[in-house]
Amino acid sequence: MIVESSVDLPVPPDVAFAVSQTTGDARLRWDPFIRRQSFLDGATVPAKGVRTLTRHRSGLRMVSEYVSYKPPTNVGMKMVEGPWFFAVMAGGWRFSPLPDGGTRAVWRYSFTCRPAWLAPVAERIGRVVLQRDVDRRIAGFARGCADPQVLATLP
């Protein structure tokens, strides 16, 4: 299953990309999905192969690994540990320049559920729940791209 949401932003792709990779208080200002997020294994910045621990606002926990990290165009992650009902969970951002100097940001989740006998129902429910989640997250992301406090944290 795939769910996706997009938004056009009045900032260039490098700024949009940087906001998408904020951490700590800056991330919490715009991302309604997470309660906490941290790098693992001594990492301090995102990069291909880096793992993160994310605690969802509901309390669910997921360890993800960056499978791609190509500023300012895209980033992708896959779940390596997480809720039992996901057989596969991955997500990614894609940033494309717009003619006016802005950016089109697309956020996509790809997932399958388990066990196999429950997957047809679970994936229909998951599509609705995750679509709502990704829509809320990208709306928050758009607010973050206009938030002076978030923008002040960018390198």
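A polar contact is a pair of N or O atoms within 3.5 Å; within protein, one atom must be able to donate a hydrogen and the other to accept it, and residues adjacent in sequence count only if both atoms are side-chain atoms. Such a contact joins the side chains of T22 and W30, at 2.9 Å. The structure is a predicted model, in which local features need pLDDT of at least 70 and side-chain atom pairs count only at pLDDT 80 or more, while totals for chains, interfaces and linings use all residues. Residues are numbered from 1 along each chain as its sequence is written, and side-chain values use heavy atoms, with hydrogens and water left out.

**The loop between α1 and α2**

- T22 is placed in the loop between α1 (13–20) and α2 (24–30); helices (H or I, at least four residues) and strands (E, at least two) are DSSP runs, numbered from the N terminus.
- T22 is buried, its relative accessible area being 7%; buried means under 20% relative accessible area, exposed over 50%, and partly exposed in between (1.4 Å probe, protein chains only).
- Not counting residues up to four places away in sequence, T22 touches R27, W30, V150, T153 and L154, where contact means heavy atoms within 4.5 Å.
- Q21 lies in the loop between α1 and α2 and is buried, with a relative accessible area of 12%.
- The side chain of Q21 makes a polar contact with the side chain of Y66, at 2.8 Å.
- Leaving aside neighbours within four places in sequence, the contacts of Q21 include R27, Y66 and W93.

- The residues P13, A16, F17, V19 and S20 of α1 are buried.
- Viewed down the axis of α1, these buried residues fall within an arc of 160°, so they line one face of the helix; the arc is that of the directions from the helix axis to the C-beta atoms.
- An α-helix has 3.6 residues a turn, so residues three or four places apart point the same way.
- L154, in the segment after α4 (148–151), touches V15, A18, V19 and T22, not counting residues up to four places away in sequence.
- The C-alpha atoms of L154 and S58 are separated by 28 Å, and the two residues are 96 residues apart along the chain.

**Salt bridges**

- A search of the whole structure finds eight salt bridges, each being a side-chain nitrogen of Lys or Arg within 4 Å of a carboxyl oxygen of Asp or Glu.
- E4 and R108 meet through their side chains in a salt bridge of 2.5 Å, N to O.
- This pair links distant parts of the chain, with E4 in strand β1 (residues 2–9) and R108 in strand β7 (residues 103–113), 104 residues apart.
- E4 is partly exposed at 36% relative accessible area, and R108 is partly exposed at 41%.
- In the salt bridge between R61 and E81, the N to O distance is 3.4 Å.
- R61 lies in strand β4 (residues 61–70) and E81 in strand β5 (residues 74–81), so the pair ties together parts that are 20 residues apart in sequence.
- R61 counts as partly exposed at 37% relative accessibility, and E81 counts as partly exposed at 37%.
- R27 forms a salt bridge with D31, the closest N and O atoms being 2.8 Å apart, and both R27 and D31 are buried.
- A network of salt bridges links R27, D31 and R137.

**Surface patch on the protein**

- V121, I125 and V129 form a nonpolar patch on the surface, with about 240 Å² of accessible area together.
- Patches are made of residues with over 30% relative accessible area and no salt bridge; like charges are joined within 9 Å, and nonpolar side chains (Val, Leu, Ile, Met, Phe, Trp, Tyr) within 5 Å.
- Accessible areas come from the Shrake-Rupley method with a 1.4 Å probe, and for residues only the protein chains shown count as cover.
- V129 is found in helix α3 (residues 119–144) and counts as partly exposed, at 37% relative accessibility.

**Loops and backbone geometry**

- L40 lies in the loop between β2 (34–39) and β3 (51–56) and touches R51, T52, L53 and V63, not counting residues up to four places away in sequence.
- D41 is also placed in the loop between β2 and β3; phi of D41 is near 60°, a positive value in a residue other than glycine.
- D41 is exposed, with a relative accessible area of 62%.
- P71 and P72 are joined by a cis peptide bond with omega of about -5°, and P72 is found in the loop between β4 and β5.
- R114 and P115 are joined by a cis peptide bond with omega of about -5°, and P115 lies in the loop between β7 and α3.
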